Amino acid sequence: MIRALLLALALCLAWPPAVRAQAAVDPAPLTFENAAEEKRFRSLILELRCVMCQNQSLADSNAQIAHDLRREVLTLMRRGQSDAQIREHLVARYGEFVLYRPRVGPATWLLWFGPLLVLGAGGVVIWRIVAARRREPLPPIDEPQEW
């Protein structure tokens with residue numbers, strides 16, 4: 001009986017925050033002035049990463065910050081900023097992480113060229129193993145054995 005009361009009390013206490021969290025996720029939808037603006041907006045938010053979700057684009061994320069960033073992107077577009085300026089603004093605010101395709105630079109060389117280095121190192125190792133095996137003498141050929 002006490003367990004049932006404690007469970008009911010816990011559910012009552014947990015229910016209001018869950019309702020508030022759900023209400024925060026459903027903001028008003030964005031409206032566009034024309035189809036060209038919507039197309040530009042959609043292509044831009046596909047290139048930008050949600051800073052909270054990490055592996056979702058702004059288009060795919062339902063996090064509150066993603067909703068806020070989509071609104072900010074649309075506001076910047078309507079102020080006449082280019083896609084590059086919008087990206088620069090978001091990078092200045094959130095860092096390179098916000099870009100799905102980070103720029104090639106000293107800070108990202110390992111990210112861009114690391115896989116090639118690992119592949120090259122693996123090729124060198126395989127080449128050396130094969131070359132070492134070629135230098136080993138072949139074992140003598142025995143007479144065929146009869147069973």
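**Exercise 1. Find the residues that E72 is in contact with, leaving aside its neighbours within four places in sequence.**

Solution. 
- Step 1: apply the contact rule, heavy atoms within 4.5 Å.
- Step 2: leave aside neighbours within four places in sequence; E72 is then in contact with H89, L90, R93 and Y94.
- Step 3: E72 sits in helix α3. Helices are DSSP runs of H or I with at least four residues, strands are runs of E with at least two, and both are numbered from the N terminus.
- Step 4: classify E72. Buried means under 20% relative accessible area, exposed means over 50%, and partly exposed lies in between, with a 1.4 Å probe and protein chains only. E72 has 16% relative accessibility, so E72 counts as buried.

This is a predicted model: local features need pLDDT of at least 70, side-chain atom pairs count only at pLDDT 80 or more, and totals for chains, interfaces and linings use all residues. Residues are numbered from 1 along each chain as its sequence is written, and side-chain values use heavy atoms, with hydrogens and water left out.

**Exercise 2. Describe how α3 and α4 pack.**

Solution. 
- Step 1: Two packed helices are described by the angle between their axes and the distance between the axes.
- Step 2: Axes are lines fitted to C-alpha atoms, for helices over the stretch in contact; angles run from 0 to 180 degrees between N-to-C directions.
- Step 3: read the values. The angle between α3 and α4 is about 140 degrees, and their axes are 10 Å apart.
- Step 4: name the arrangement. Under 35 degrees counts as roughly parallel, over 145 as roughly antiparallel, 65 to 115 as roughly perpendicular, and the rest as oblique. At about 140 degrees, α3 is therefore oblique to α4.
- Step 5: A crossing is left-handed if the near helix is turned anticlockwise from the far one by less than a right angle, and right-handed if clockwise. α3 passes α4 in a right-handed crossing.
- Step 6: list the partners. From α3 come I65, L69, E72, V73, L76 and M77; from α4 come I86, H89, L90, R93 and Y94.
- Step 7: sort them. Ala, Val, Leu, Ile, Met, Phe, Trp, Tyr, Cys and Pro count as nonpolar; Asp, Glu, Lys and Arg count as charged; the others, Gly among them, count as polar. The contact of α3 with α4 has eight nonpolar, one polar and two charged residues.

**Exercise 3. Which residues join α2 to α3, and at what angle do the axes cross?**

Solution. 
- Step 1: locate the helices. Helix α3 spans residues 64–78, and helix α2 spans residues 35–47.
- Step 2: read the geometry. The axes of α2 and α3 cross at roughly 130 degrees and come within 11 Å. That makes α2 oblique to α3.
- Step 3: The crossing of α2 past α3 is right-handed.
- Step 4: list the residues. α2 supplies E37, R40, F41, L44 and I45, and α3 supplies R70, V73, L74, M77 and R78.
- Step 5: sort them. The contact of α2 with α3 holds six nonpolar, no polar and four charged residues.

**Exercise 4. Work out the contact of α2 with α4.**

Solution. 
- Step 1: read the geometry. Helix α4 covers residues 83–94; α2 and α4 pack at an angle of about 35 degrees, with axes 11 Å apart.
- Step 2: α2 passes α4 in a right-handed crossing.
- Step 3: list the residues. R40, L44 and E47 of α2 meet D83, I86 and R87 of α4.
- Step 4: sort them. This contact of α2 with α4 has two nonpolar, no polar and four charged residues.

**Exercise 5. Is L58 buried or exposed, and what does L58 touch?**

Solution. 
- Step 1: check accessibility. L58 is at 0%, so L58 counts as buried.
- Step 2: list the contacts. Not counting residues up to four places away in sequence, L58 touches I45, L48, R49, C50, A66, L69 and R70.
- Step 3: follow one of these, A66. A66 lies in helix α3 and counts as buried at 0% relative accessibility. Beyond four places in sequence, A66 is in contact with C50, L58 and S61.

**Exercise 6. Classify Q54 by accessibility and find its contacts.**

Solution. 
- Step 1: classify Q54. Relative accessibility is 47%, so Q54 counts as partly exposed.
- Step 2: list the contacts. Leaving aside neighbours within four places in sequence, Q54 is in contact with R49 and F97.
- Step 3: Q54 and V98 are 44 residues apart in sequence, and 8.6 Å apart in space, C-alpha to C-alpha.

**Exercise 7. How many helices and strands does the chain have?**

Solution. 
- Step 1: count. There are five helices and zero strands.
- Step 2: check burial. The chain has 147 residues, and 20% of them count as buried.
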